[in-house]
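User: Hi! I have a new model open and would like to talk it through with you. Shall we start with the overall picture?
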Amino acid sequence: MRTATALLGGLSLILAGLLGPATPAAAAPGSTSAATTARVSADSVSTDSVRASWSKSFASLEKQLPGTAGVSVVGVGHAGSVTVGSWRSGVAWSTSKVPVSVAALRRSPSASTKRLVKRAITVSDNAAAEKLWSRLGRPKTAAARTQKVIRDAGDKHTKVQSKRVRAGFTAFGQTRWTTTNQARFGAGLACRAEAKPVLRLMGQITTSQRWGLGHVRGARFKGGWGPVGKGYLVRQLGVVILPDGRTYSVSIAVWSPKGFSRAARDLTRVANWLEKRIGQVPARAC
């Protein structure tokens, strides 16, 4: 018996040598590996340091504006976000046409849908966007389908408005969207195949709406604007691709008591400020 046991033990050692080390057990669903934890921690440290260096500079810029402003940036493939400025949340206005368009194409990528999406994105045609919205079903269903696009792209908090809460304005345009959540949505959308047609159109915005990120090289964007309180809110959702391929989602906003034209000019100042710094945020290519 001892001889047989010894022989079996020797055979096991030989097989182990031939087969190599055992494969580690797979992590349980929902668990976080040490490598992932380290990467997320590194992202947090990196974005925290960027935020700290940006805050003072942006505060100085904001003091030169008659109103308030805000910026959020999320790099593709990284967990952290950088948000600076005193303006953090408000109605989406026509930036909401991005998820509405993706939802409409997801439901029916017909030629007529594509024509409506082109008008909704490139010239911000409200009538075209309303038709896309109606094709998504009744208001609650349309809101749910649009919200599904937002959730799938990584924004787990924004709730799409289904009711027309302001006369003369779209329901979805009154969705409250923070710059941080919008930037997170954009980062998730940037590499999704279904978003490519919309992202392509975001690079073909009509000349009269090419303020803000329209002055930034490698930017694809959609603007939104409208009256808020005793002033005007102008904001943009954009994807910026650097020459080396690193990809960022950007959400910027300016509220001005001096009306649309001044808010749009100030948004361009904010975009120019951001262009000089965006590469400091960790990101990868799609």
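User: Great, what share of the chain is buried?

Analyst: Of the 286 residues in the chain, 46% are buried, where buried means under 20% relative accessible area, exposed means over 50%, and partly exposed lies in between (1.4 Å probe, protein chains only). Keep in mind that this is a predicted model, in which local features need pLDDT of at least 70, side-chain atom pairs count only at pLDDT 80 or more, and totals for chains, interfaces and linings use all residues. Residues are numbered from 1 along each chain as its sequence is written, and side-chain values use heavy atoms, with hydrogens and water left out.

User: Thanks! How many helices and strands does the chain have?

Analyst: There are 9 helices and 7 strands. These are DSSP runs, numbered from the N terminus: H or I with at least four residues for helices, E with at least two for strands.

User: And what about contacts between residues at least 6 apart in sequence?

Analyst: Of those, 66% join residues at least 24 apart, with a contact meaning heavy atoms within 4.5 Å.

User: On to the strands. Which ones pair with β1?

Analyst: Strand β1 (residues 68-75) is joined to β7 (residues 247-256) by 8 bridges, running antiparallel. On that side, Thr68 has Trp255 as its bridge partner. β1 also pairs with β2 (residues 81-85) in the antiparallel sense, over 5 bridges, and there Val71 stands opposite Val84. Strands count as paired if DSSP finds at least two bridges between them.

User: What does the turn between β1 and β2 look like?

Analyst: The two strands form a hairpin with 5 residues between them, and Gly77 in the turn has a positive phi of about 85°.

User: Why is β1 described as largely enclosed?

Analyst: Because 7 of its 8 residues are buried, β1 is largely enclosed by the rest of the structure.

User: Which residues have a positive phi although they are not glycine?

Analyst: Trp93 is one of them, with a phi of about 50°. Trp93 sits in the loop between β3 (89-91) and α3 (97-107). Ser124 is another, at about 55°, and it lies in the loop between α4 (111-122) and α5 (126-135).

User: Are those two buried or exposed?

Analyst: Trp93 is buried, at 6% relative accessible area, and Ser124 is buried too, at 9%.

User: You mentioned α3. How many of its residues are buried?

Analyst: In α3, 9 of the 11 residues are buried, so this helix is largely enclosed by the rest of the structure. Among the buried ones are Lys97, Pro99, Ser101 and Leu105.

User: Changing topic: how many salt bridges are there?

Analyst: The structure holds 9. A salt bridge here is a side-chain nitrogen of Lys or Arg within 4 Å of a carboxyl oxygen of Asp or Glu.

User: Which residue does Glu194 pair with?

Analyst: Glu194 forms a salt bridge with Arg106, and their closest N and O atoms are 2.6 Å apart. This pair links distant parts of the chain, 88 residues apart: Glu194 is in the loop between α7 (179-189) and α8 (196-201), while Arg106 is in helix α3. Both are partly exposed, Glu194 at 27% and Arg106 at 35%. Glu194 also meets Arg192 in a salt bridge, at 3.4 Å from N to O. Salt bridges that share partners join Arg106, Lys148, Asp152, Arg192 and Glu194 into one network.

User: And what about Asp125?

Analyst: Asp125 forms a salt bridge with Arg119, with the closest N and O atoms 3.0 Å apart. Asp125 counts as buried at 18% relative accessibility, whereas Arg119 is partly exposed at 46%.
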